[in-house]
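Let us walk through this structure together, one region at a time. Please keep the sequence and the 3D view at hand as you read.

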Amino acid sequence: MRRALISVSDKTGVVDLARRLAALGIDLVSTGGTCRALREAGLAVREVAELTGFPEIMDGRVKTLHPLIHGGLLGRRGVDDAVMAAHGIGAFGLLVLNLYPFEATVARPDCTLEAAVEQIDIGGPAMLRAAAKNFRHVAVLTEPGQYAAVLAQIEASGGVGDADRFALAVAAFNHVANYDAAISDYLSAIRPDGTRAQFPDLANGRFVKVMDLRYGENPHQQAAFYRDLHPAPGTLATFRQLQGKELSYNNLADADAAWEAVRGFDTPACVIVKHANPCGVALGADPADAYAKAYACDPTSAFGGIIAFNRPLDEAAARAIVGQQFAEVLIAPAVTPQALAATAGKSNIRVLEIPPGTGHSTHDVKRVGSGLLIQTADLHVLMPADLKVVTRRAPTAAELNDLLFAWAVGKYVKSNAIVYAAGQRTLGIGAGQMSRVDSARIAALKAAEAGFDLTGAVMASDAFFPFRDGLDAAAERGIAAVIQPGGSMRDGEVIAAADEHGMAMVFTGVRHFRH
């Protein structure tokens with residue numbers, strides 16, 4: 001390795017990199033701002049224009065598109081030596097390059113189309129592709145996190161190993177692919193009038209594999225877990241596994257449902273999920289109290305479930321769980337050392353820590369036959385001011401708190417969804433039935449099995465009641481207040497039924513179907 005070409009937008013660590021390369025006797029060639037930064041640091045650097053004999057033109061748009069540059073990156077040792085010598089082309093053994101900050105530019109609210117277009121790199125991707133294609137002879141670095149390991153190799157052996165050059169080449173092609181996808185996503189969403197569409201004409205998924213999974217939803221299916229290229233802070237993909245067996249496809253799907261549900265509460269909460277549905281949810285004074293209440297809702301379904309907390313998992317909660325049930329996964333924003341010690345005896349339990357964050361996935365995606373359904377994520381948060389009291393009796397303050405709690409739970413229950421609750425805890429949950437009445441019956445059955453009396457409890461429904469029978473059945477079970485979207489052609493009949501039974505009912509005006 002005799003020569004390195006360095007041209008970076010992100011100059012983190014580049015001076016130290018160049019200094020150590022120079023100390024090894026490697027000649028440095030650079031461009032524009034990078035060249036200036038290296039010279040200001042006292043390094044001897046040859047500018048590309050000096051090498052090619054052709055100046056940068058068009059405000060820097062053309063500077064590296066030259067045979068002396070691309071020939072130096074693409075030249076094959078032992079194959080192209082004669083032609084390179086004939087044309088005075090020197091080989092590069094290392095390319096250090098990252099691209100114009102297109103994504104950062106278009107993320108700005110005031111970004112114009114003209115500003116975005118100026119951040120479309122031309123020469124950079126061409127050089128990356130050239131060096132990566134010639135990975136048998138050239139190492140290519142695309143981000144500062146790669147510098148230390150590669151420098152250590154060069155300092156130890158004078159070059160970079162075959163396997164590492166190939167891995168770096170793959171990373172470079174991925175870097176270019178993600179860059180081009182970002183440009184495509186942005187430009188294909190521009191409407192003729194200059195405004196941006198919510199959904200671009202071409203959807204470019206950009207995901208990074210986190211791990212291969214043992215199998216998919218069933219043992220005969222293969223699976224892997226991928227995260228967003230830029231995961232939102234606080235979401236499942238940012239987890240750190242502290243203990244336990246490797247995660248399965250179903251573990252991750254259920255963990256996401258539990259985590260998204262629990263992080264929606266402000267006070268200490270516990271959510272237990274089984275087969276993508278909450279089977280017990282409660283607020284409490286602390287994690288152990290919340291867990292005890294959530295578990296009591298449906299101990300049978302809680303077996304083998306995923307348990308999530310929105311507060312650090314402490315020793316008391318951990319001991320309560322391992323002493324009472326088998327759980328597949330425990331999730332919390334932090335786990336105390338004492339809690340981890342308490343779970344250590346159950347080495348198969350997977351313990352996940354997800355650093356706190358307020359980010360959310362902005363879109364939901366569902367695969368259909370040869371197609372993709374994409375929608376904006378259901379991030380609606382219901383506020384008390386949004387409610388419309390439609391019955392003669394308004395809910396009491398306690399009923400209102402329970403209605404809001406039940407509604408927050410119902411958002412994460414598969415449709416048709418019915419939630420019975422009281423005292424900031426679920427008493428019975430009916431999920432995934434074709435008939436709303438059947439979901440209500442299942443919720444009542446679960447409450448009875450747990451020994452709960454529904455007298456004075458509240459009911460939440462993820463969608464409107466099409467007939468009054470749902471309200472009549474709820475009244476028979478002692479339900480005192482109901483929260484639902486409203487919007488049925490028979491709302492009048494449903495409201496009349498509530499009034500006949502002395503129930504309070506509020507409409508949200510928002511539906512929460514979940515399939």
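Contact here means heavy atoms within 4.5 Å. By class, the contact of α4 with α8 has seven nonpolar, one polar and one charged residues; Ala, Val, Leu, Ile, Met, Phe, Trp, Tyr, Cys and Pro count as nonpolar, Asp, Glu, Lys and Arg as charged, and the others, Gly among them, as polar. This is a predicted model, in which local features need pLDDT of at least 70, side-chain atom pairs count only at pLDDT 80 or more, and totals for chains, interfaces and linings use all residues. Residues are numbered from 1 along each chain as its sequence is written, and side-chain values use heavy atoms, with hydrogens and water left out.

How do these two helices lie to each other? Helix α4 covers residues 67-74 and helix α8 residues 123-133, and they pack at an angle of about 30° with their axes 7 Å apart. That makes α4 roughly parallel to α8, a label for angles under 35 degrees, while over 145 counts as roughly antiparallel, 65 to 115 as roughly perpendicular and the rest as oblique. The axes are lines fitted to C-alpha atoms, for helices over the stretch in contact, and the angles run from 0 to 180 degrees between N-to-C directions. Helices (H or I, at least four residues) and strands (E, at least two) are DSSP runs, numbered from the N terminus.

Now look at the loop between α8 and β5 (139-141), where you will find Asn-134. Asn-134 counts as buried, at 5% relative accessibility; buried means under 20% relative accessible area, exposed over 50%, and partly exposed in between, with a 1.4 Å probe and protein chains only. The side chain of Asn-134 reaches the backbone oxygen of Leu-74 at 3.4 Å. Leaving aside neighbours within four places in sequence, Asn-134 is in contact with Leu-73, Leu-74, Gly-75, Arg-76 and Arg-77.

Next comes helix α1, residues 14-23, in which Val-14, Leu-17, Ala-18 and Leu-21 are buried. These four cover an arc of only 95° around the axis, which puts them on the same side of α1; the arc is that of the directions from the helix axis to the C-beta atoms. What do the buried residues of α1 pack against? Their partners are β1 (3-8), β2 (27-30), α2 (32-40), β4 (94-98) and α9 (147-157). After α1 comes Gly-25, with a positive phi near 85°.

From α1, Val-14, Leu-17, Arg-20 and Leu-21 meet Tyr-147, Leu-151, Ile-154 and Glu-155 in α9. By class, this contact has six nonpolar, no polar and two charged residues.

Turning to α9 itself, Tyr-147, Val-150, Leu-151 and Ile-154 are buried. They span an arc of only 100° around the axis, which places them on the same side of α9. What covers these buried residues includes β1, α1, β4, β5 and α10 (162-187). The face turned away from the buried side carries the exposed residues Ala-148, Ala-149, Ala-156 and Ser-157. Gly-158 follows α9, and its phi is positive, near 90°.

Is His-512 buried or exposed? His-512 is buried, with a relative accessible area of 2%. Its side chain makes a polar contact with the side chain of Asp-378 (2.6 Å). A polar contact is a pair of N or O atoms within 3.5 Å; within protein, one must be able to donate a hydrogen and the other to accept it, and residues adjacent in sequence count only if both atoms are side-chain atoms. Beyond neighbours within four places in sequence, His-512 is in contact with Asp-378, His-380, Trp-407, Lys-411, Ser-415 and Asp-462.

Ser-415 brings us to a backbone detail: a cis peptide bond joins Ser-415 and Asn-416, with omega about -5°. Asn-416 lies in the loop between α16 (397-410) and β17 (418-422).
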